[in-house]
Amino acid sequence: MRMNLHMDKAIRDMQRNMEKTMKHVRKPYKSRTVMRFPKKKKMTYPMASIRYGLRPFGDRDRDGVANVFDCKPYDIKKQDARWCADIGMFTIDRPKQSCRHATPFCAEHCYNKKMYKVFKGMKKKDVRNEQDWKNWSGRQWKEHLDKKRKQTSRVRLMSRGEAFSDDKDVERVKDILEHNPKRTFWIPTRAWHDPHLKQRIEQEVESYPNVRVLYSTDPSDFETGEYEKTKGHNTMFFGDDDIVEKGDSMGRKFVKCEKTYEHKKDVCPTCEEGCFKKDEEVHIHLKEH
Ligand code: SF4
């Protein structure tokens, strides 16, 4: 009996010693790679693609709009309507490829072409501009413009490039106009050279109260006989300063643009007799400068 008691005690001591020793044995190290990401707004596009499994330009969260919650390129702070100090308003830009209705005169004096020569980053910027234009809804442009501190009651489409390159652009412009009823959009365009687009602009766009569409014209339009097609529409003319005195083929009375005649900056937001004139046909003459 006594022998058994000794044996039990010896076994218990042994077990206790073993447990003590076991506590000091380290658990095997399991290797685990943890990817650390910065805050959402600081993520680069590749980081965001991994973190959220993004598809480029897709509506990842299926809420019906491609926005910041889908991926960074839609981050409202990363996109821009450009403030153009020269005219004193925000403008949206597009690359020169959008100018599908450019005349020979226009192609020769292309503002976009000059910009591409002077600024190296233009091409890259225009890729983003075009993505913005094609992916943003009218509501998103509204949210974007609402955040601006400078005036947004008048906005220009486009200062570089063409607003109505194709049918989809007509829909885009209509969407912008519908979602921004308190803003007036100034749209100089050469799309009137395309009979189909001209008809759509006349019937579907010009009826909005918050738009001023002006048909851009130049000396090429006289040579080709296209100029007559601008009858009954607001126009802008550039390329021959004598036309103001001698008159055009339709006997139009031109309004001398204050900005180009008097070299004034920032006058477009308050100009009442020029491009923004309401309920009256206007023909603006832009002086060569
Ligand atoms: S006519 Fe008036 S709104 Fe049009 S470009 Fe000249 S200053 Fe600006």
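The axes are lines fitted to C-alpha atoms, for helices over the stretch in contact, with angles running from 0 to 180 degrees between N-to-C directions. Helices here are DSSP runs (H or I, at least four residues), numbered from the N terminus. Heads up: this is a predicted model, where local features need pLDDT of at least 70, side-chain atom pairs count only at pLDDT 80 or more, and totals for chains, interfaces and linings use all residues. Residues are numbered from 1 along each chain as its sequence is written.

**View 1. Helix α6 (residues 138–146) crossing α7.** The two axes come within 7 Å and cross at roughly 50 degrees, so α6 and α7 are oblique to each other.

**View 2. Who meets whom between α6 and α7.** From α6, look for Gly-138, Arg-139, Trp-141 and Lys-142; they meet Asp-175, Ile-176, Glu-178 and His-179 of α7. Contact means C-beta atoms, placed from the backbone, within 7 Å. Sorted by class, this contact has 2 nonpolar, 2 polar and 4 charged residues (nonpolar: Ala, Val, Leu, Ile, Met, Phe, Trp, Tyr, Cys and Pro; charged: Asp, Glu, Lys and Arg; polar: the others, Gly among them).

**View 3. Helix α7 (residues 167–179) alongside α8 (residues 195–205).** Here the axes come within 11 Å and cross at roughly 20 degrees, which makes α7 roughly parallel to α8. Val-170, Val-173 and Lys-174 of α7 meet Arg-200, Ile-201, Glu-204 and Val-205 of α8. That contact has 4 nonpolar, no polar and 3 charged residues.

Conventions. Helix = DSSP H or I, 4+ residues; strand = E, 2+ residues; numbered from the N terminus. Parallel < 35°, antiparallel > 145°, perpendicular 65-115°, else oblique. Contact = placed C-beta atoms within 7 Å.
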